[in-house]
Amino acid sequence: MAADPEIAKEGIKVSSTQSSLKDATGVSGEVHHLPTYEHEKALVLKFDLRILPMLALMYLCNALDKGNLGNAKTDGFEKDLHFKSNQYNLILSIFYIPYVIFAPPFAMAGKRFGAHRALPIMMFCFGSFTLLGASVSNFAGMITLRWFLGMAESAFFPLVIYYLTTFYRRGELARRLAIFYAASNIANAFSGLLAFGVFQIKSHLDGWRYLFLIEGAFTVLFSVIAFIYLPKSASEAKFLSEEEKHTAYMRIQMDSSSIVNEPFDLKEALKIFKMPVTYGFLAIEICLGVPLQSVSLFLPQIVARLGYSKVKTNLYTVAPNITGAAMLLILAFSSDFARIRFPFIALGFLFTFVGFIIYATIDVEHSIHVAYFACFMMTWGTSAPSVLLSTWYNNNVAHEGRRVTLTSVGVPLANLMGVVSSNIFRPQDAPKYIPALGTTAAFGACGCAITLLLGTYMIFDNARRNRKGGVRLTASDVPTERLKDGPNVDEFRWFL
C-alpha cells in the first residue's frame, strides 16, 4: 500500500523535551520514532468517523440559524414586522458588531476551558435565540435578538478550526475542514428546501415563524447531544486505547503544535501580531468576507432576478449551493494532496470575480441560463478560499494560543464584511443590484492579487532561508515542536 506523505515519515526521530513531551513519554530525553502508517491511518479514521460528522451537523445548525433571514424575506418577513426602508439591512448589519467584538475573548475562554464544552454551550444559546425569533412582533425585538445571536455565534467557527488542529496534522487539515465547512453550503441548500416545504403549510402562523421554530428547536436539541459526545482532545478521547492516545499526542506534537494542550497565556498569544505576515492574512480575510457574505445573505435576491416565483426562487438556490460544496471539497482535497494552499485560494477568488462580473454585465432577463450559471460560479468562489485560508495560517502557526487568537480575529473580520454586503445590496438598486455586484467582484479581484503576492513572498523567503543554511528544507521537514517562535527560528519554513 502506498504511504500517505503526511503519515509515512519513518526515520524521523522525536527528541523528548521537559516542556512538551514528558507527559507522553514518561522519560525525559528518550528518543521516539514517528508511528507507522497503518497505526496512524486507523487512528485518523476513528477521528473522521467520530468527530467530523458531529462538527458538521453542529455547523449546519449554525449556518441555518445565521442565514435564515434571506428565506424569511421571501415570505413577507419585512411586511409582517412592519419594517421601513433600510431596516432589513440594519438587522443584517447589527449581527456583525457583537460577532466581531466578542469572538476573541470567547475563543480565548474556549481555549482555556475546553472547546469541547464551549462549542455546545454556544450552540444552545444561538438555537434558543432562533426559537425566540419566532415570537418577535416588531423591528426592535428582532434587532435585539440579532445582537445576542451575534454574540452567541461569534467564536463558534474559530473554535471549531482550533479544535480540529488538535486532532489532525497540518497536511490532513484542509480536507477535514472542508468536509465540516461543506455543511454551510448544504445548510444554504437545505434552508431553501426547508423554506420551500414550510412555506406550503397553511396556518394562521406565518411561514417564516415556522421556519425559525423548526431550526431553533433542532439546534437546541442537538447541542445537548454534542455536550455529552465531544472529547476534550485527541490524546484524551475516551474511545481511544492508551497506545492510541499516545500516538495521537505524538502526531500533533510533530506536525501541528509546538506544545500540545499548552495552557492559554494571553501575553504569549498576542505576539502573533508582531508577525508581519499576520496582516497579509487579515487583508485576505477582508477581501474574502464581502463575496462570502453577499452570497450567503443575498443569493435568494440575486436568483429572484431570474423572474421565478417565491417558491421557485428558494428552490433554485439549492443547486448552486450544492455545487459550491462540491467545489470546496475538490479544491481542499487537491490542496492537501499537493501540500500547497495559496494557488487554490487564488483560484477561488477568481471564480468569485468572474461570476459576479458575468452577472453584472449581461442582460439577465434575456440570458437566464448564463445568469444562472454565474450564480454557480459565485458559490464556487466563496466557500473554498474561506476554508483554505484558515488552514493556511493555522498551518504556519505552531503555538496553540497564537493560533486560536489569529483565527478568532481573522474569521470574525471576514464575517464583519457582512456589514458591507448588507449595505451595498440596497433596495433602491433592486432588482439589478449593479453597484453591489461590481463591489463584490472588486473584492474578489483584490483577494486574488494579495493571495498571489503573499504566496510568492513565502516561496522566496523559503529559498532565502535554504540558501542561508545551505540546506533544502520544506515545511514538512521540520517538526512543529521546534517552531514555537515561528519565523524567528532559523529552521522555520512557510507552509505554502
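A word on the model: it is predicted, so local features need pLDDT of at least 70 and side-chain atom pairs pLDDT 80 or more, while totals for chains, interfaces and linings use all residues. Numbering runs from 1 along each chain as its sequence is written, and side-chain values use heavy atoms, without hydrogens and water.

Now the domains. The chain is divided into domain 1 (36-235) and domain 2 (268-495), with bounds from an automatic or database domain assignment. Between domain 1 and domain 2 we count 2 salt bridges. In contact (heavy atoms within 4.5 Å) are 46 residues of domain 1 and 54 residues of domain 2.

Is Thr 379 buried or exposed? Thr 379 counts as buried because its relative accessibility is 1%; the cut-offs are under 20% for buried, over 50% for exposed and partly exposed in between, using a 1.4 Å probe and protein chains only.

What does the side chain of Thr 379 reach at 2.7 Å? The backbone oxygen of Phe 376. The backbone oxygen of Pro 320 also lies 2.7 Å from a polar atom of the Thr 379 side chain. Among the residues that Thr 379 touches are Val 295, Leu 299 and Asn 321.

How values were computed. A polar contact is a pair of N or O atoms within 3.5 Å; within protein, one must be able to donate a hydrogen and the other to accept it, and residues adjacent in sequence count only if both atoms are side-chain atoms. A salt bridge is a side-chain nitrogen of Lys or Arg within 4 Å of a carboxyl oxygen of Asp or Glu. Lists of a residue's contacts leave out its neighbours within four places in sequence.
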